[in-house]
Protein chains: 2
Amino acid sequence: MSRDRSEDDRSVLGGISRRGLIGSAGVGVVAAGAGVLAGRVTAHAASAQPETVPFRGAHQAGITTAVQDRLHFAAFDVHTDSRAELVDLLRTWTLMAERMTTGGEAVADGAVGAGAYNPPTDTGEALDLSPSRLTLTIGFGPSLFTTADGRDRFGIAARRPAALADLPKFTGDALDPARGGGDIAIQACADDPQVAVHAVRNLARVGFGAVSVRWSQLGFGRTSSTSTSQVTPRNLLGFKDGTRNIKAEDHAAVEKFVWADPADGQAWMGGGSYLVTRRIRMLVEPWDRTSLHEQQRVIGRAKGSGAPLGGADEFDDLDLQSAGPSGPLVDRDAHVRLASREELGGIQILRRGYNFTDGSDGFGHLDAGLFFIAYCRDPRAQFVPMQDALARNDALNEYIKHVGSAVFACPPGLGADDYWGSGLFAE
Amino acid sequence: MSRDRSEDDRSVLGGISRRGLIGSAGVGVVAAGAGVLAGRVTAHAASAQPETVPFRGAHQAGITTAVQDRLHFAAFDVHTDSRAELVDLLRTWTLMAERMTTGGEAVADGAVGAGAYNPPTDTGEALDLSPSRLTLTIGFGPSLFTTADGRDRFGIAARRPAALADLPKFTGDALDPARGGGDIAIQACADDPQVAVHAVRNLARVGFGAVSVRWSQLGFGRTSSTSTSQVTPRNLLGFKDGTRNIKAEDHAAVEKFVWADPADGQAWMGGGSYLVTRRIRMLVEPWDRTSLHEQQRVIGRAKGSGAPLGGADEFDDLDLQSAGPSGPLVDRDAHVRLASREELGGIQILRRGYNFTDGSDGFGHLDAGLFFIAYCRDPRAQFVPMQDALARNDALNEYIKHVGSAVFACPPGLGADDYWGSGLFAE
């Protein structure tokens with residue numbers, strides 16, 4: 001069940017353009033472009049990456065895949081009561097998603113070939129664009145299994161994993177229901193935002209009547225690395241965060257903390273993972289008026305190098321024991337301490353967060369922050385205790401506000417004949 | 001006054017990273033990266049572009065500059081009543097903007113070198129990022145010159161250009177005042193969105209107390225080309241639009257339609273331009289349910305090639321005279337006809353629009369569309385009659401809604417000793 005990225009993420013592409021214009025002449029690996037300038041690597045450039053990420057495999061793509069630069073995340077409400085209609089949609093979505101991740105249209109020749117007097121079956125805005133490492137990852141929310149009043153909507157209530165529990169209310173939560181929850185989630189990650197937006201839009205389009213978009217979130221820049229080949233980007237607080245995030249190359253950690261085990265209770269989720277999203281508004285204006293010393297105390301890292309306080313290099317060990325000039329070197333309430341495996345009984349999560357800026361809040365401030373995405377084997381044992389510790393004591397809480405929250409069960413990867421949810425809906 | 005791009009946009013960079021890590025070893029031109037794959041050019045890749053666009057010159061950068069991939073646009077309200085304070089801020093902004101466009105921090109060594117017990121003077125999130133062709137373009141709104149009740153706020157009412165007139169209300173306008181207007185605009189364009197967001201944020205930060213963000217807009221992908229070296233990208237209707245947009249290489253058109261002439265009335269605006277923004281919501285769901293034939297009739301172009309109806313190639317002449325199978329080949333209400341110079345007495349504008357997706361509208365639809373940006377020598381003679389014709393008759397109106405609007409006077413470029421507005425505020 002372990003995932004070897006060098007094998008799973010190998011270049012498959014070939015020169016498939018969405019309209020087949022290039023043919024096999026286009027086979028190749030893209031240079032990391034905008035980020036690499038005569039040897040300078042920027043935070044937004046991975047090392048050369050294959051242009052296409054395989055859609056099928058032991059695990060869904062988009063979890064341990066080296067984090068793409070851009071995100072479009074959408075949560076859907078399901079309106080149909082028909083299990084058959086829902087399964088049909090999931091089958092259709094699977095075919096469309098697979099096509100789009102290879103750089104194809106949602107439906108072959110869909111933008112212009114569906115007949116002049118029919119609506120196009122692809123919306124067309126990605127016609128000229130490359131695959132851009134698009135991954136599409138699906139998750140199922142608690143409300144798909146059981147409604148608030150306990151109804152078994154689609155005959156799958158008995159298959160709801162215990163790990164797919166509603167998240168508790170955490171201290172300080174300021175959640176907007178319109179920015180959270182949802183029956184189904186689609187995470188679209190790509191190096192070109194238009195490719196991600198196109199994918200979500202085409203899935204939404206074909207689902208019209210059966211599903212609708214409950215909320216969606218664009219992330220303009222990744223804040224996490226899931227591969228040792230990627231540099232750690234900065235969040236909108238200006239800090240490198242998530243340096244100690246699980247990397248795909250650490251197979252033991254991935255096995256232990258990311259992939260659900262069939263023995264955890266629901267066989268269909270074996271090799272899957274649980275996805276937690278939190279829209280975290282950053283109050284960047286008060287943060288920006290805080291001293292460097294206070295910022296570094298709050299985070300527990302040096303702003304420039306990203307090194308833990310007392311260290312010199314970003315990847316130096318976190319020293320939680322030593323004393324500093326006044327109190328512990330790393331503050332008792334520092335973000336990095338409270339989120340550390342050392343203080344959490346060894347817990348880790350896999351993070352795939354993105355920076356967002358959604359205009360202004362109407363009070364002269366940018367509506368900006370972090371769209372946090374975590375993948376866990378069991379949120380009850382990982383995300384919940386971590387967030388509980390952070391929500392109670394994190395010094396950072398003065399500068400952030402959790403305004404959206406959701407949790408989803410992401411099934412395992414797809415074999416040749418599978419569709420999204422084929423395990424869950426198997427008779 | 002004519003602008004030779006090959007001269008103005010020459011590579012100056014050198015290997016300046018924001019933290020000076022690389023020094024002169026980094027001199028070079030970036031490969032167009034993510035967009036170019038073994039000879040395939042995507043809509044989001046220009047040909048190889050220098051990494052730095054010069055900040056000073058005869059005209060402001062960011063107008064005829066080859067359109068960068070990403071946008072962060074912000075409109076500010078001015079709160080101070082002090083002319084001296086406003087001028088001080090504009091001087092400070094100018095220095096910061098110039099530094100940031102070369103890849104520097106807002107203030108030299110600002111993120112970590114301002115003293116531990118002071119707030120950092122750069123917010124830090126672009127520390128590791130390249131200049132990314134960042135341009136920062138300033139404009140002054142009508143309300144900066146005269147308040148709604150006619151007050152001369154800063155002693156510049158007599159310098160308000162006649163061309164900086166409030167826009168009339170157009171048929172169908174559904175404007176949200178919270179998404180329009182503003183005393184000062186900053187247009188940040190860059191190939192990396194985090195670089196654009198960082199620039200706007202740092203200008204907003206240093207302006208705290210004197211100005212605040214009234215509204216802002218992220219654009220995730222360009223929809224226009226301002227250079228013959230760029231391919232025409234697609235909007236979220238899936239069409240190539242703006243094929244006939246003014247290109248920087250057409251010096252005669254740029255002179256005639258983009259740069260204000262000092263003889264137009266206000267000497268300080270000579271070499272400047274007038275900026276019109278329109279946030280155009282696209283009702284993508286009904287559009288997506290419309291037949292290809294209807295979509296092409298509405299736009300007046302073929303969806304696949306972008307060719308005008310009756311033509312074969314995107315750049316073929318627009319044939320407004322021929323008859324089609326039923327009525328004119330290009331419909332009387334087709335977008336491309338109504339926006340054409342042929343139907344508008346020769347009028348042209350320079351477009352720099354961006355696609356946007358700002359989550360959902362709360363009714364199951366994506367809040368997506370086009371953030372339209374036009375530069376004109378005189379909006380009264382160009383944008384207004386064009387928009388009037390479109391607002392009355394454009395077949396596209398069934399699928400779009402104008403929800404935000406603003407107009408600004410953008411001064412000319414800066415000489416060595418100038419600051420943003422030095423002509424306007426000269427004693």
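Colleague: Over residues 232-413 of chain A, how far apart are the end C-alpha atoms?

Modeller: UniProt, in an unreviewed entry, labels residues 232-413 of chain A "domain: Dyp-type peroxidase C-terminal"; positions follow the numbering used here, feature names are shortened, and annotations may be inferred rather than shown by experiment. The stretch is 19% helix and 23% strand; helices (H or I, at least four residues) and strands (E, at least two) are DSSP runs, numbered from the N terminus. Its end C-alpha atoms are separated by 27 Å.

Colleague: What kind of model is this?

Modeller: Residues are numbered from 1 along each chain as its sequence is written, while chains are lettered from A and ligands numbered from 1 in the order in which they are written. Side-chain values use heavy atoms, leaving out hydrogens and water; local features need pLDDT of at least 70, side-chain atom pairs count only at pLDDT 80 or more, totals for chains, interfaces and linings use all residues, and the model is predicted.

Colleague: What share of chain A's residues count as buried?

Modeller: Chain A holds 9 helices and 12 strands. Buried means under 20% relative accessible area, exposed over 50%, partly exposed in between (1.4 Å probe, protein chains only). Of its 427 residues, the buried share is 63%.

Colleague: Where UniProt lists "domain: Dyp-type peroxidase N-terminal" on chain A, which residues does it give?

Modeller: That entry is unreviewed. The stretch is 23% helix and 19% strand, with its end C-alpha atoms 22 Å apart. UniProt lists residues 60-220.

Colleague: Is Val213(A) buried or exposed?

Modeller: Val213(A) sits in strand E6 (residues 211-219) of chain A. Contact means heavy atoms within 4.5 Å; beyond four places in sequence, Val213(A) touches Ala75(A), Phe76(A), Ala204(A), and also Ser360(B), Gly364(B) and Leu366(B). Its relative accessibility is 4%, so Val213(A) counts as buried.

Colleague: Which backbone oxygen does the side chain of Lys240(A) reach?

Modeller: Lys240(A) lies in the loop between E7 and helix H5 (251-257) of chain A. Lys240(A) is buried, with a relative accessible area of 9%, and its contacts beyond four places in sequence include Glu314(A) and Asp128(B). A polar contact is a pair of N or O atoms within 3.5 Å; within protein, one must be able to donate a hydrogen and the other to accept it, and residues adjacent in sequence count only if both atoms are side-chain atoms. At 3.0 Å, the side chain of Lys240(A) reaches the backbone oxygen of Thr232(A).

Colleague: Why is strand E10 (residues 354-360) of chain A largely enclosed by the rest of the structure?

Modeller: Two strands pair if DSSP finds at least two bridges between them. E10(A) pairs in the antiparallel sense with E7 (residues 221-222) over 2 bridges, and with E11 (residues 366-376) over 5 bridges. E10(A) is largely enclosed because its buried residues number 5 of the 7.

Colleague: Which residue in the turn of the E10(A) and E11(A) hairpin has a positive phi?

Modeller: The hairpin has 5 residues between its strands. Ser360(A) has Leu366(A) as its bridge partner in E11(A). With a positive phi of about 85°, the turn residue is Gly362(A).

Colleague: How far apart are the end C-alpha atoms of helix H4 (residues 193-206) of chain B?

Modeller: Asp192(B) caps the N-terminal end of H4(B), with a side-chain oxygen 2.8 Å from the backbone nitrogen of Gln194(B). The expected span is 1.5 Å times one less than the number of residues. For H4(B) that gives 20 Å, which agrees with the end C-alpha separation of 20 Å.
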